[in-house]
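Me: Could you take a close look at one part of this model with me? I'd like to hear about its aromatic rings and what surrounds them.

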Amino acid sequence: MEQRRYQQTAVRGRWVGCVVTVLLWSAASAQLRYSVSEEVKGIAVGNIAKDLGLDKSTLKNRKYRIVSSVADPPFTVDQNDGILYVTRQIDREEICERTTTCIINLKTVLENPLEIHYVAIEVLDINDHSPSFPEKEKRLEIFESTLPGARLQLQPARDPDGIQFSVQHYKLSPNDHFRLEVKERGEDRKMPILVLQKQLDREVTKEHKLLLTAIDGGRPARSGTTELLIEVLDVNDNSPAFTDDSYSAIVNENAQPGTLVTQVNATDLDEGSNGEIVYSFGKEVDVILKKLFSIDSKTGEIKVNGDIDYEENESYEIDVRASDMGSVPLSSDKTVIIKVADLNDHAPEIEVTSFSKSVPEDCKTGTTVALISVNDLDSGSNGKVSILIREDVPFLIYPSLQENMYAIMTKSLLDREERSFYELTVVAKDAGVPPLVSEKVITVTISDVNDNRPRFSLTPYTFYIAENNDLTGPLMSVKASDPDESDNARISYNILRDGSDDNSGLFLSINSETGDIMALKSFDFETLKTFQFHVVATDSGTPSLSSNVTVNVFILDQNDNPPVILYPVSSNGSAEGVEEIPRNVNAGHLVTKVRAYDADIGYNGWLLFSLQEVTDHGLFGLDRYTGQIRTLRSFTETDEAEHKLVILVKDNGNISLSATATVIVKLVEPKEAFAASDVKSAAKDDEDNNVTLYLMITLGSVSILFLISIIVLIAMQCSKSTDYTSKYLQETNYDGTLCHSIQYRSGDKRYMLVGPRMSIGSTIVPGSHANTLVLPDRRRTSEAEAGA
């Protein structure tokens with residue numbers, strides 16, 4: 001029983017102790033307040049023990065101390081006497097810059113039992129900072145034509161001391177041209193403005209040096225200076241002038257970026273670049289203002305660029321500068337006051353109720369594209385909405401019979417090939433003051449209609465094809481395009497077969513999808529030299545559209561014909577002949593002449609003669625161009641009576657073809673030669689007559705073929721444009737070898753297919769076939785000389 005009674009007594013004692021502790025805590029809630037000047041150290045601030053009514057022994061026994069989270073607190077309490085000391089210098093501007101009252105709150109504790117006492121220490125400001133300018137030297141530019149009264153805003157000086165010790169006034173060094181004005185601008189800021197009071201003359205003084213002094217309110221006062229270097233510019237005489245004396249505007253809070261706030265306008269009496277005006281914010285405009293607003297350098301429109309909050313700031317002052325585009329620009333400054341209005345809270349809501357995503361390009365004017373409804377939760381004038389399309393597009397908004405319902409309709413004809421879709425920005429604006437605006441972008445796609453014919457990349461086409469062409473791959477290709485899309489742009493090709501072309505339909509086929517043209521047989525230049533046909537390109541639209549193009553084909557000669565020996569030819573058809581000559585002939589005597597021809601033309605038909613086999617190289621010689629065999633010296637008694645000469649005749653193709661002829665030369669005595677000459681002359685006459693007949697038939701056939709070719713080409717020229725006209729001329733020469741030539745023109749170049757005898761002025765076109773030469777165009781040369 002006693003033990004239980006003792007426990008109850010102990011519990012009651014603890015409860016009483018807790019109540020006493022709470023009472024002591026409440027009693028300690030009173031706050032002490034002291035003051036101390038900044039920049040002092042080691043002085044006593046106050047006697048906390050005395051002011052709290054505590055014994056000195058209590059302070060030490062109960063460990064009275066300051067509780068601080070700072071590693072090096074500026075205050076300490078002496079536990080022996082309870083006096084509060086400053087342990088280190090305090091910089092008031094570091095703790096609370098530009099505030100009226102600077103308070104440091106300390107929390108002190110006593111242990112056993114725990115007591116907390118709060119001490120408020122006011123740090124008194126002293127004038128320990130001098131005013132300072134952002135720049136020790138400030139360069140300014142001013143035109144000599146600037147009229148008195150012009151104002152140049154200067155950067156203000158900064159003083160971190162309290163308001164009473166901050167910058168109070170400015171002083172300008174004495175001069176004849178400038179005076180100083182001070183403009184009050186919120187938060188006790190004083191803006192120095194340099195005012196021109198006497199017009200400048202650059203020819204007298206190019207630069208003015210002024211000293212601007214800022215003086216604070218201390219006693220004694222502190223000051224700071226900056227040097228103003230004013231450069232006088234000698235350029236155009238008229239500065240831009242704003243049309244209005246003052247500018248002010250109202251903008252809604254939370255206005256969308258891009259919202260137009262106001263527009264400044266300035267004029268310049270100068271002309272040209274000196275009269276072109278560029279707008280910008282003043283150099284001294286705060287960076288924060290530049291984030292909130294932007295200005296169009298050309299139009300002077302000031303627009304919202306950031307988030308505008310009425311509760312943060314009710315108005316803004318922005319310095320706007322208008323500068324001309326002179327080599328040394330002139331400028332004028334104007335302050336724009338922008339007030340933030342807190343008005344209606346709901347913007348109009350745009351809803352698309354019906355929408356045609358695709359509109360055919362051949363639709364009529366007035367076709368409805370979409371139906372939209374506009375709703376505004378506000379009432380009265382704030383709920384009345386006007387709507388428009390921002391872009392310049394072939395669409396308009398037309399109100400319907402139902403209120404707040406609108407139709408988007410076409411106002412002009414559409415062309416998908418010009419523009420395949422439109423992004424319409426529908427802008428809804430209520431009638432509030434200021435109005436709120438909502439936007440909605442509607443994308444309208446223009447569907448295709450087959451209204452464009454296929455167009456060939458060239459007209460006409462001209463191709464040069466080598467004879468004996470390969471039949472496995474495309475010979476040539478045509479290509480057409482159609483600006484339509486899908487099936488309307490899917491093109492198929494076919495060769496026009498109306499009977500007007502010669503026999504082109506018999507040996508050509510075309511891939512209907514790719515336009516590749518295949519040959520059904522190989523061409524022979526000796527049979528066909530040129531032909532023409534037409535290709536039709538048709539799209540897959542409904543109804544389909546088509547166009548055609550003329551294709552001109554020129555066959556190029558290849559070396560596919562070997563030389564043919566005309567003489568000597570014996571009775572059995574072999575190229576072998578026997579010639580008898582007297583032994584007493586002199587050197588240079590004509591033994592005989594080997595005659596040959598080649599059906600090819602140009603280099604492919606140019607023949608060269610060479611001795612492939614001869615019994616005595618020193619006795620007979622062969623002219624490589626004419627085929628004439630002559631003696632190189634007189635015969636002697638020791639020379640053999642019979643000699644065999646094998647002559648090789650080959651053309652000049654890339655891969656040359658050849659034929660051989662054998663001539664047996666027999667040496668006879670002069671009497672026998674005279675006796676045999678009569679018999680041989682008769683046979684020779686018959687043989688020459690036969691050879692002449694063969695040559696006449698051959699030349700006549702070639703002439704007839706070229707005559708027909710010329711007639712066909714003249715007809716082709718009449719049906720083609722002058723840029724692609726080809727001119728053909730015929731030239732036939734014969735000197736021991738049958739040869740011929742063709743001249744034609746393509747574009748700015750003249751081509752000639754030649755036999756063995758070429759013009760000295762002819763040159764081979766690099767990369768061309770060996771039988772194609774380019775002739776200098778004397779007509780163009782003469783025209784150029786005449787023009788010069």
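Me: Which residues do ring pairs link into a cluster?

Reply: Happy to! Ring pairs join Phe 507, Phe 523, Phe 531 and Phe 533 into a cluster; here a pair means rings of Phe, Tyr or Trp (its six-membered ring) with centres within 6.5 Å. Please keep in mind that this is a predicted model, in which local features need pLDDT of at least 70 and side-chain atom pairs count only at pLDDT 80 or more, while totals for chains, interfaces and linings use all residues. Residues are numbered from 1 along each chain as its sequence is written, and side-chain values use heavy atoms, with hydrogens and water left out.

Phe 533 turns up again in the largest nonpolar core, where Phe 533, Val 535 and Val 551 touch the most other members among 27 residues. Such a core is a set of buried Ala, Val, Leu, Ile, Met, Phe, Trp, Tyr and Cys residues joined through side-chain atoms within 4.5 Å; buried is under 20% relative accessible area, exposed over 50% and partly exposed in between, with a 1.4 Å probe and protein chains only. At least two residues of this core come from each of several strands, among them E33 (461-466), E39 (530-539) and E40 (546-556). Strands here are DSSP runs of at least two residues, numbered from the N terminus. A separate second core has 26 residues, including Ala 255, Ile 277, Tyr 279 and Ile 295.

Now to the rings across the whole structure, where a search gives 13 aromatic pairs. One of them, Phe 395 with Tyr 422, is edge-to-face (planes over 60 degrees apart, against under 30 for stacked and tilted for the rest). Phe 395 is buried at 3% relative accessibility, and Tyr 422 is buried at 8%.

Tyr 464 and Phe 554 have ring centres 5.3 Å apart and planes at 20 degrees, so this pair is stacked. Tyr 464 belongs to strand E33 and Phe 554 to strand E40, a link between parts of the chain 90 residues apart. Tyr 464 is partly exposed at 31%, whereas Phe 554 is buried at 3%.

Conventions:
Helix = DSSP H or I, 4+ residues; strand = E, 2+ residues; numbered from the N terminus.
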